[in-house]
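Hi everyone, thanks for coming along.

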Amino acid sequence: MQPLGALWVLLCLARPLLGVAAPESFSLSAPENVTIQSYNFDNVLKWSPVTAINGSVTYSVEWRFKTRIASEDKVWKKVNCKDITKPECNFNHERNHDCIILHVRAEQGELKSAWTETKPFRAREDTILGPPRAINVSSEGTMIHIGFLPPFEPAENKTEYFEYLIEYWEESTSEILRVLSKNRRETFKNLKERTVYCFQVTASIPHVILTCQKSEIKCQETTTDSMRILHIVLIFGFAIFILIGIFVCIMFIQKYRSVIKALWKPPLTIPSHFKEDLQNLHVTVVEEFQNCAGEDHWDNVSEISEQIETVTDNFTDQNQELTVEEHR
């Protein structure tokens, strides 16, 4: 055993009997560089290792609320980090919105260092929120689908839920478009054909100001709009079908014009009762004539056309003689 170690052992044994304290030079130094690192609400208290006098050093960690009530401020509670040898302690407080203070000290046998306190810590404000995980980007025509997982899966007794800021842009431009969503999967429609789009996602908790990390950039190229091509093909095919139908109809009409005309304008037929009347028309007319001749009175008519012409000529000559005398 080294002389310094032997002297330390003797002093520790004699201290209770003599009622004297251990020399200041042999006390443990308090932990230094005490910090809290919090990532996705996983909290780790870290500090610089304390040099042991002889043997190994262990550490104890306690915490308390930082409140306005003085009585509660003085109540220190144990953390599941007692008699640990590694200079760090994982602690996850159930209520992330509470403000707490931690302190740590080094211990070696009967020797105990002074406590070193941390600054007030509130996980809901001081943690670093990581990026969304497992980002998957795929294209379908002029649409791009993006899916991802949250930075972590909240425990059932926690009320955290996430919002996602999706930033996307054309690879050849610097204009960034933003979409805020609460869904883990989004579809971007009506994009340009044959164009590369890049995506980056950031998760956050509503109404909480946190340091949030962005995801890695994922890029995907759109393809030709298959639906548009299908519509063009269908329209073109329908137009060809109509033209072929019209051509076939014209050829059919020209070839079977007489048949179509006969079907369209059938020959006129006289109804049977009219046909019987027409067959008996001659007999009926003769009978009617005879009946009329027997019943009515007939007068004799003479032709006087030559006498009328002679009178007319005489009257014209007389008018001409009167006209000549008046001129004289």
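Let me start with a question: does Phe152 count as buried, partly exposed or exposed, and at what relative accessibility? Phe152 counts as buried, at 14% relative accessibility. By buried I mean under 20% relative accessible area, with exposed being over 50% and partly exposed in between, using a 1.4 Å probe and protein chains only.

A word on the source before we go on. This is a predicted model, where local features need pLDDT of at least 70 and side-chain atom pairs count only at pLDDT 80 or more, while totals for chains, interfaces and linings use all residues. Residues are numbered from 1 along each chain as its sequence is written, and side-chain values use heavy atoms, with hydrogens and water left out.

Now, the aromatics. The structure holds 10 aromatic pairs; rings of Phe, Tyr and Trp (for Trp, its six-membered ring) pair if their centres lie within 6.5 Å, and planes under 30 degrees apart count as stacked, over 60 as edge-to-face and the rest as tilted. One of them is Phe41 with Phe152, edge-to-face, at 5.8 Å centre to centre and 70° between the planes. Phe41 sits in the loop between β1 (32-39) and β2 (42-48), and Phe152 in the loop between β12 (143-149) and β13, so this pair ties together parts that are 111 residues apart in sequence. Strands here are DSSP runs (E, at least two residues), as helices are (H or I, at least four), numbered from the N terminus. Phe41 is buried too, at 3% relative accessibility. Another edge-to-face pair is Trp63 and Phe65, with 5.0 Å between centres and 85° between planes; both of these residues are buried. And Phe41 and Phe152 come back in one aromatic cluster, together with Phe148, Phe162 and Tyr164.

On to the cysteines. How many disulfides does a search of the whole structure find? It finds two, taking a disulfide as a pair of cysteine sulfur atoms within 2.5 Å. Cys81 and Cys89 form one, with their sulfur atoms 1.8 Å apart. The torsion about that S-S bond is about 85°, so the disulfide is right-handed. Cys81 is buried at 5%, and Cys89 is buried at 1%. Cys198 and Cys219 form a disulfide as well, S to S 2.0 Å, and with 100° about the S-S bond this link is right-handed. Cys198 lies in strand β16 (residues 196-204) and Cys219 in strand β18 (residues 218-221), so the pair ties together parts that are 21 residues apart in sequence. Cys198 counts as buried at 4%, whereas Cys219 is partly exposed at 37%.

Next, have a look at Glu167 in strand β13 (residues 163-170). Glu167 is buried, with a relative accessible area of 5%. Its side chain makes a polar contact of 2.9 Å with that of Arg178 (N or O atoms within 3.5 Å; within protein, one must be able to donate a hydrogen and the other to accept it, and residues adjacent in sequence count only if both atoms are side-chain atoms). Leaving aside neighbours within four places in sequence, the residues in contact with Glu167 (heavy atoms within 4.5 Å) include Cys198 and Phe199.

Finally, the core. The largest nonpolar core has 43 residues, and Cys89 and Phe199 are among those with the most contacts inside it. Such a core is a set of buried Ala, Val, Leu, Ile, Met, Phe, Trp, Tyr and Cys residues joined through side-chain atoms within 4.5 Å.
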